[in-house]
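These are my notebook entries on one structure.

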Amino acid sequence: MTQAHWIAVDWRADALTIWMMGDGDAVLDQIDVPLGTPVADISGFCAAILPHIEPFLSGTTPVVVGGAPVALGAGFVPVPCKPAELSPVDATGGDPRLSIYLIPNVSQDQPADIMQGTAALIAGYLADHPKFDGILCVPGPATKWCHISAEEIVSFQSFVSGELIASLAPPLTNDFDRPTFLNAVQDAMSNPHRMASRLATLRAEQVLNPKGASDLAAGIAGTVIGVELAGARAYWLGQMVVVLGDGALTEAYLAALQDAGAMVERASVDGLIPKGLTASRNHKPEAD
């Protein structure tokens, strides 16, 4: 089996994605690893990944990790910052076969906010689009709106819309009811103060006049995303916006922004995280 020159890892709340990296930083293989229990330290992290990466190891192999929990020591870098220049923190110690390096997380003082893992995704996008100047919208459990200029994250704002939608509605599918969704977006943008009442009405309508799970999902997603767009107006109004993502939630944000008249396009995230982690690994800090 081909040996990995180094290993890239994206750490999320419930899973790890691991890329074996070869010559020229090419991806040799990708493995998704569910996390059944929380990982408390570097030794636990090494124990979680070793069964999956052992065939690719030779000598001591560098492992570069994005999105690691704060407790493991990655620390924070405040905005403005260049995501491709977040210098990895040496956290080696869990296993002699691995040299562990954690990419710092990104923080913001006003309003207080943190970004874990998303910075590698942004660095990957900017590796392909270094001249981009505008807004990156990254849908997820906590959607990020990021102002990008001169390859820096200038500011950002998070909305827990994805988490809220998942707690209230069946999963949104790619064939979601767009008219129902967009009507809900428009109503919520015009009347964001009615969100809690509107969500209760949608659930009551589903009980009294069942229309199917897809209608409920579209109505709730539209209501929550509409309120988010009202709150994030300073980020997207009059700006070039790229929605970074794949799947139904990304398509929902794209449809809502297009309907609101935003200048928006979508970009797939496929391959961006290992590209972003590669940029951080290869960055050489300037001498003082």
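**Entry 1: Charged pairs**

I began with Glu 54, which is partly exposed at a relative accessible area of 40%; here buried means under 20%, exposed over 50% and partly exposed in between, with a 1.4 Å probe and protein chains only. The model is predicted, so I noted its limits: local features need pLDDT of at least 70, side-chain atom pairs count only at pLDDT 80 or more, and totals for chains, interfaces and linings use all residues. Residues are numbered from 1 along each chain as its sequence is written, and side-chain values use heavy atoms, with hydrogens and water left out.

What does the side chain of Glu 54 meet in a salt bridge? I found Arg 97, at 2.7 Å from N to O. A salt bridge here is a side-chain nitrogen of Lys or Arg within 4 Å of a carboxyl oxygen of Asp or Glu. The pair links distant parts of the chain, 43 residues apart. Glu 54 sits in the loop between helix 1 (42-53) and strand 4 (61-66), and Arg 97 in the loop between strand 6 (89-90) and strand 7 (98-102). Helices (H or I, at least four residues) and strands (E, at least two) are DSSP runs, numbered from the N terminus. Arg 97 is partly exposed too, with a relative accessible area of 33%.

I then searched the whole structure, and the search gave seven salt bridges. One of them joins Lys 275 to Asp 128, with the closest N and O atoms 3.0 Å apart. Lys 275 belongs to helix 9 (residues 272-282) and Asp 128 to helix 2 (residues 118-128), so this pair ties together parts 147 residues apart in sequence. Lys 275 is partly exposed at 34%, and Asp 128 is partly exposed at 42%.

Arg 266 pairs with Glu 251, the closest N and O atoms being 3.2 Å apart. Arg 266 is in strand 14 (residues 263-267) and Glu 251 in helix 8 (residues 248-259), so parts 15 residues apart in sequence are tied together. I also recorded a network of salt bridges that links Arg 178, Asp 246, Glu 251 and Arg 266.

**Entry 2: Nonpolar cores**

I next looked up the nonpolar cores, each a set of buried Ala, Val, Leu, Ile, Met, Phe, Trp, Tyr and Cys residues joined through side-chain atoms within 4.5 Å. The largest has 36 residues, and those touching the most other members include Trp 145, Phe 181 and Trp 236. Which helix supplies the largest share of this core? Helix 6 does, with eight residues. Apart from this core lies another of 30 residues, among them Trp 19, Met 21, Ala 119 and Ile 153.

**Entry 3: Helix 4**

Helix 4 has 13 residues and reaches 18 Å from its first C-alpha to its last, close to the 18 Å expected at 1.5 Å a residue; the expected span is 1.5 Å times one less than the number of residues. I listed its buried residues as Phe 181, Leu 182, Ala 184, Val 185, Ala 188 and Met 189. They cover an arc of only 160° around the axis, which puts them on the same side of helix 4; the arc is that of the directions from the helix axis to the C-beta atoms. The face turned away from this buried side carries the exposed Pro 179, Asn 183 and Ser 190. The buried residues of helix 4 pack against helix 6, helix 7 and helix 8, where contact means heavy atoms within 4.5 Å.
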